[in-house]
Amino acid sequence: MFEVRRLDRDSATQLAHWCGGILVEEIDAIDNNERSPGINVPCKNGVQRASLGDYIGRDDDGSFVILNPSEVGFKFSDK
């Protein structure tokens, strides 16, 4: 089974806890007043950043992967 959850403003804290990641604040490169949540996620090949709108997937073995919206071509449940 592969579980996928989407990073949005409302789920950021809970999602960081779920994946064992670290919640960070991302600052927009063009408008430094625009800020959004990001998560540094421990993955098999090192720590990777999930940004607002990305998906974090967990495989059967408990490892995590970051997917952007265009890579999610299957059904999932937001929890």
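**Strands, charges and cysteines**

Guide: A hairpin through 2 residues joins β3 to β4. Keep in mind that this is a predicted model.

Visitor: How do β3 and β4 pair, and over how many bridges?
Guide: They are antiparallel, and the pairing runs over 6 bridges. Within it, G38 stands opposite S51 of β4, and N40 has R49 in β4 as its bridge partner.

Visitor: Which strands form the open sheet that has β3 in it, and in what order?
Guide: The order is β2-β3-β4, an open sheet of 3 strands with antiparallel pairing. Its edge strands are β2 and β4, each of which pairs on one side only. From one strand to the next the twist averages 35°.

Visitor: What packs on that sheet?
Guide: Helix α1 does, touching β2 and β3. The direction of α1 makes about 10° with that of β3.

Visitor: And how do β2 and β3 pair?
Guide: Strand β2, residues 22-27, pairs with β3, residues 35-43, in the antiparallel sense over 6 bridges.

Visitor: Where do side chains go in a regular strand?
Guide: In a regular strand they alternate between the two faces of the sheet.

Visitor: OK, what about β1, β5 and β6, what order do they take?
Guide: These 3 strands form an open sheet in the order β1-β5-β6, with antiparallel pairing. The edge strands are β1 (3-6) and β6 (64-67), and each pairs on one side only. The twist in this sheet averages 25° from one strand to the next.

Visitor: How many bridges between β5 and β6?
Guide: There are 4, in the antiparallel sense. In β6, V65 is the bridge partner of G57.

Visitor: Switching to charges. How many salt bridges are there?
Guide: The count comes to 6. One of them is between E34 and R9, whose closest N and O atoms are 3.7 Å apart. That pair links distant parts of the chain, 25 residues apart: E34 is in the loop between β2 and β3, and R9 is in the loop between β1 and α1 (12-19).

Visitor: How exposed are E34 and R9?
Guide: E34 is partly exposed, at 40% relative accessibility. R9 is also partly exposed, with a relative accessible area of 46%.

Visitor: What does R49 bridge to?
Guide: R49 and E26 meet through their side chains in a salt bridge, at 3.0 Å from N to O. R49 is in strand β4 and E26 in strand β2, so the pair ties together parts that are 23 residues apart in sequence. R49 has a relative accessible area of 41% and is partly exposed, whereas E26 has 16% and is buried.

Visitor: And what about D61 and K44, how far apart are N and O?
Guide: The distance is 3.1 Å, and the two side chains form a salt bridge. D61 sits in the loop between β5 and β6 and K44 in the loop between β3 and β4, so this pair ties together parts 17 residues apart in sequence. K44 is exposed, with a relative accessible area of 66%.

Visitor: Is D54 buried or exposed?
Guide: D54 is buried, yet it has no salt bridge. The nearest side chain of opposite charge is R6, at 8.2 Å.

Visitor: Where does D54 lie, and what is it in contact with?
Guide: D54 lies in the loop between β4 (46-51) and β5 (55-58). Leaving aside neighbours within four places in sequence, D54 is in contact with R5, R6, L7, R49, I66, L67, N68 and P69.

Visitor: Last topic, cysteines. How many disulfides does the structure hold?
Guide: The number is 0.

Visitor: Are C19 and C43 buried or exposed?
Guide: C19 counts as buried, at 4% relative accessibility. C43 counts as buried too, at 13%.

How values were computed. Residues are numbered from 1 along each chain as its sequence is written. This is a predicted model: local features need pLDDT of at least 70, side-chain atom pairs count only at pLDDT 80 or more; totals for chains, interfaces and linings use all residues. Side-chain values use heavy atoms; hydrogens and water are left out. Buried means under 20% relative accessible area, exposed over 50%, partly exposed in between (1.4 Å probe, protein chains only). Lys and Arg count as positive and Asp and Glu as negative; His and the chain ends are not counted. A salt bridge is a side-chain nitrogen of Lys or Arg within 4 Å of a carboxyl oxygen of Asp or Glu. Contact means heavy atoms within 4.5 Å. Two strands pair if DSSP finds at least two bridges between them. Axes are lines fitted to C-alpha atoms, for helices over the stretch in contact, and angles run from 0 to 180 degrees between N-to-C directions. A disulfide is a pair of cysteine sulfur atoms within 2.5 Å.
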